[in-house]
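Colleague: Please take a close look at one part of this model for me, and go through the charged side chains and their surroundings there. I would like one connected account.

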Amino acid sequence: KSVSKASEQPNLVHFIRTISTMSSPSAVVSAGGKRKRAADYDDDRRKEIRETNRIAARECRARKKHLMIELEKTVANLTAEHSALTKQNRELTIRLETLERTAVGWKSC
């Protein structure tokens, strides 16, 4: 039996190592069934990822702001154009009515 106990001890060490690695944060599963964020990243890598994300967010906000400014300019231009066309339409309608009245007056002559 001493031979079997000696052969079991390496398995016991392997079992303990396996158990200790299974309880690491990267292997823990949350209540929702999703794995937690890998704990393999060191602090420098996390800082780099955060800085990259911060830059991307800043650029995204700048693009959004630029787009909004362009859209506001487009709205202002289209509003002005609409007002000018509405005014021109009123003037042409009045002119048409005047010409129609004049043409009716000529028919009676």
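Modeller: Arginine 54 is partly exposed, with a relative accessible area of 46%. The model is a predicted one, and in it the side chain of arginine 54 meets that of glutamate 51 in a salt bridge, at 2.6 Å from N to O. Glutamate 51 is also partly exposed, at 34% relative accessibility. Both residues belong to helix H2, where they sit three residues apart, about one turn of the helix. Side chains of opposite charge can pair when their charged atoms come close. The cut-off applied here is 4 Å between a side-chain nitrogen of Lys or Arg and a carboxyl oxygen of Asp or Glu, and by this rule the count comes to three salt bridges.

Another of these joins glutamate 48 and arginine 45, with an N to O distance of 3.3 Å. These two residues likewise lie in helix H2, and the spacing is three residues, about one turn of the helix.

Because lysine 73 and glutamate 70 are three residues apart in helix H2, about one helical turn separates them. Lysine 73 has a relative accessible area of 48%, which makes it partly exposed. Glutamate 70, at 34% relative accessibility, counts as partly exposed too.

The nonpolar side of the picture involves Leu67, Met68 and Leu71, which make a surface patch of about 280 Å². Leucine 71 lies in helix H2, which runs over residues 43–107. The relative accessible area of leucine 71 is 44%, so this residue is partly exposed. A residue needs over 30% relative accessible area and no salt bridge to be part of a patch, and nonpolar side chains are joined within 5 Å; the 44% of leucine 71 therefore passes the area condition.

Key. Residues are numbered from 1 along each chain as its sequence is written. This is a predicted model: local features need pLDDT of at least 70, side-chain atom pairs count only at pLDDT 80 or more; totals for chains, interfaces and linings use all residues. Side-chain values use heavy atoms; hydrogens and water are left out. Patches are made of residues with over 30% relative accessible area and no salt bridge: like charges are joined within 9 Å, nonpolar side chains (Val, Leu, Ile, Met, Phe, Trp, Tyr) within 5 Å. Accessible areas come from the Shrake-Rupley method with a 1.4 Å probe; for residues, only the protein chains shown count as cover. Helices (H or I, at least four residues) and strands (E, at least two) are DSSP runs, numbered from the N terminus. Buried means under 20% relative accessible area, exposed over 50%, partly exposed in between (1.4 Å probe, protein chains only).
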